[in-house]
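Please walk me through this structure in plain paragraphs.

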Amino acid sequence: MEILRRTDSPHVVRCHEIFQKPSGDFGILMEYMDSGTLENVLESEGTFSESKLADVARKVLNGLHYLHSRKIIHRDIKPANLLVNSKMEVKIADFGVSKILCRTLDACNSYVGTCAYMSPERFDPETYGGNYDGYAGDIWSLGLTLMELYMGHFPLLPPGQRPDWATLMCSICFGEPPSLPEGVSDEFRSFVECCLQKESSKRWSVSKLLGHPFVCKDPKPEQS
């Protein structure tokens with residue numbers, strides 16, 4: 001609730017009101033996104049084209065730029081947490097495991113979120129970059145999300161395979177980063193590779209990705 005109260009961006013789902021019910025529970029009145037999630041769109045309309053993905057990436061990056069500039073990390077970027085409306089506006093939602101950083105990144109070194117989209121350093125921080133960097137973790141998750149929307153299945157596992165924690169951990173920590181199939185543009189392949197560097201320090205920041213040729217005509221982030 002504290003994060004929702006702090007956010008006011010066209011790229012983050014809007015919170016209209018937070019109220020307490022007589023039962024003591026809290027209700028949150030959110031902006032209505034009439035097309036559901038990107039996961040819903042993938043299931044109903046099929047895989048995304050590169051041009052559509054570039055638009056999605058640009059919008060999510062602008063949302064992350066807004067959040068990261070306010071020291072908020074999401075920690076659970078995935079198709080099911082990106083809402084979309086009939087105008088194809090894409091907005092970041094579901095801050096249930098998000099974190100407002102204060103003095104140090106160490107405070108967010110915890111196993112929360114969806115493990116399938118966790119970056120290698122979430123499982124093994126000593127091997128993949130030392131202290132967990134939540135900002136870089138959001139970028140890893142974005143890279144996997146874009147691949148899933150393009151390929152039609154979670155990219156770290158074969159189509160149809162049900163993930164389990166041990167399989168995912170081994171794939172993320174010990175396997176090579178997933179790669180796109182043949183036939184994609186050099187720009188798209190490069191963008192995903194910039195997101196999916198296993199060492200967190202080598203992953204591109206939001207600001208740098210907003211200047212990547214795949215997403216940007218103007219390298220500057222949108223004003224929010």
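A salt bridge here is a side-chain nitrogen of Lys or Arg within 4 Å of a carboxyl oxygen of Asp or Glu. By that rule, the side chains of Arg 58 and Asp 55 form one, with a distance of 3.3 Å from N to O. The model in which this pair is found is a predicted one.

Before going further into such pairs, consider the chain as a whole. The protein chain holds 8 helices and 6 strands, and along the sequence they follow the pattern α-β-β-α-α-β-β-β-β-α-α-α-α-α. The chain has 224 residues, of which 47% count as buried. Among its contacts with a separation of 6 or more, 65% are made by residues 24 or more positions apart. The accessible surface of the chain comes to about 11,100 Å², and 49% of this belongs to carbon and sulfur atoms.

Helix α2 covers residues 38-45, and within this helix Leu 38, Val 41 and Leu 42 are buried. Seen down the axis of α2, the buried residues fall within an arc of 100 degrees, so they line one face of the helix. The face turned away from this buried side carries the exposed residues Glu 43 and Ser 44. What lies over the buried residues of α2? The cover includes α3, β4 (82-84), β5 (90-92) and α5 (134-151).

Both ends of α2 have a local feature. Just after the helix, Gly 46 takes a positive phi of about 90 degrees.

Now back to the charged side chains. Side chains of opposite charge can pair when their charged atoms come close. The count of salt bridges in the model comes to 7. In one of them, Glu 45 pairs with Lys 52, and their closest N and O atoms are 3.6 Å apart. Glu 45 is exposed, with a relative accessible area of 58%, whereas Lys 52 counts as partly exposed at 25%.

The pair of Arg 58 and Asp 55 lies within helix α3 (residues 50-69), where the two are 3 residues apart, about one turn of the helix. Arg 58 has a relative accessible area of 27% and is partly exposed. Asp 55 is also partly exposed, at 22% relative accessibility. Together with Lys 59, Asp 55 and Arg 58 are linked in a network of salt bridges.

Another salt bridge joins Glu 121 and Arg 203, with the closest N and O atoms 2.9 Å apart. This pair links distant parts of the chain: Glu 121 is in helix α4 (residues 120-123), while Arg 203 is in the loop between α7 (186-195) and α8 (206-209), 82 residues apart. Are these two residues buried or exposed? Glu 121 is buried, with a relative accessible area of 0%, and Arg 203 counts as buried at 6%. Both values fall below the cut-off, since buried means under 20% relative accessible area.

The surface also has a nonpolar part. Met 1, Phe 26 and Ile 28 make a nonpolar surface patch of about 260 Å². Met 1 is found in the segment before α1 (2-6), and this residue is partly exposed, with a relative accessible area of 38%.

Definitions and conventions. Residues numbered from 1 in each chain as written. Predicted model: local features only at pLDDT ≥ 70, side-chain atom pairs only at ≥ 80, totals over all residues. Heavy atoms only, no water. Buried < 20%, exposed > 50% of the residue type's maximum accessible area, 1.4 Å probe, protein only. Helix = DSSP H or I, 4+ residues; strand = E, 2+ residues; numbered from the N terminus. Patch = residues over 30% accessible without salt bridge, like charges linked within 9 Å, V, L, I, M, F, W, Y side chains within 5 Å. Areas by Shrake-Rupley, 256 points an atom, 1.4 Å probe, with all protein chains shown as cover. Arc of directions from axis to C-beta. Contact = heavy atoms within 4.5 Å.
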